[in-house]
Amino acid sequence: MENSNLNISFTGETYNSIDQKNRLSIPAKYRKALSPINNSTFVLTKGFDRCLVLYPLDEWKKVEFQLGSLSSIKIRHRNFVRSIVRCAVHVKYDSQGRIAIPDILLSYAKIDKNVSVIGMIKKIEIWSPSLLDQDDTNHLIDDDYDDLANEINF
């Protein structure tokens, strides 16, 4: 697989654990899919579904651009932008592929030791397995699948 920005594809689910120094080893298949332009760097922040999200640096720049297009006058827009960027941290994985996760993010996602790492095409989600099992979004009904598949001409 060529490592160009157009070919980034994080897929699948792996199980891992947080070490005593709050470090997580990024799965090798995800590190290999990361374009060299990112310089081994992700941006880690809160996700919408009580998980953490790792964005490759170049994808995060797109998120920032979209967030920057919101009005700084409207309180709803400011609060939305603030909720996403206030906990965002740049994390560069070390020679063993590990990133350090701040306590505040681990607490938000209710992660203590075990994690599920899920590739979401252009980003990676990090979940507490117990929250992932409880998440109602995992239970789409057949009609939801049909409607969404039709939206993307699947």
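Contact, in these legends, means heavy atoms within 4.5 Å. This is a predicted model, in which local features need pLDDT of at least 70 and side-chain atom pairs count only at pLDDT 80 or more, while totals for chains, interfaces and linings use all residues. Residues are numbered from 1 along each chain as its sequence is written, and side-chain values use heavy atoms, leaving out hydrogens and water.

View 1. Let us start with Phe 10, which sits in the segment before β1 (13–17). (Strands, E, at least two residues, and helices, H or I, at least four, are DSSP runs numbered from the N terminus.) Phe 10 is buried, as its relative accessible area is 0%. (Buried means under 20% relative accessible area, exposed over 50%, and partly exposed in between, with a 1.4 Å probe and protein chains only.) Leaving aside neighbours within four places in sequence, the contacts of Phe 10 include Tyr 30, Phe 42, Pro 56 and Ile 124. Look for Glu 125 too: Phe 10 and Glu 125 are 115 residues apart in sequence, yet their C-alpha atoms are 9.9 Å apart in space.

**View 2. The open sheet.** Here six strands line up in the order β1-β7-β8-β4-β3-β5, with antiparallel pairing. (Two strands pair if DSSP finds at least two bridges between them.) At the edges are β1 and β5 (89–92), each pairing on one side only. Neighbouring strands are turned by 30 degrees against each other on average, direction ignored. (Axes are lines fitted to C-alpha atoms, for helices over the stretch in contact, and angles run from 0 to 180 degrees between N-to-C directions.)

**View 3. Where β4 meets β8 and helix α2.** Strand β4 (residues 52–56) pairs with strand β8 (residues 124–127) in the antiparallel sense, over three bridges. Within this pair, Leu 54 stands opposite Ile 124 in β8. Helix α2 (residues 57–68) packs on the sheet and touches β3 (41–46), β4 and β5. The direction of α2 makes about 105 degrees with that of β4.

**View 4. Two nonpolar cores.** The largest nonpolar core has 25 residues, and those touching the most other members are Leu 24, Phe 42, Leu 52, Leu 54 and Ile 101. (A nonpolar core is a set of buried Ala, Val, Leu, Ile, Met, Phe, Trp, Tyr and Cys residues joined through side-chain atoms within 4.5 Å.) At least two residues each come from α1 (28–33), β3, β4, α4 (103–108), β7 (114–119) and β8. Helix α4 gives the most to this core, with three residues. A second, separate core of 13 residues includes Cys 51, Leu 57, Trp 60 and Leu 67.

**View 5. Three salt bridges.** The structure holds three salt bridges. (A salt bridge is a side-chain nitrogen of Lys or Arg within 4 Å of a carboxyl oxygen of Asp or Glu.) In one of them, Asp 19 joins Arg 23, with the closest N and O atoms 2.8 Å apart. Asp 94 and Arg 98 form another, at 2.9 Å from N to O. Glu 59 meets Lys 62 with the closest N and O atoms 3.0 Å apart; both lie in helix α2, three residues apart, about one turn of the helix. Glu 59 counts as buried at 9% relative accessibility, whereas Lys 62 is partly exposed at 37%.
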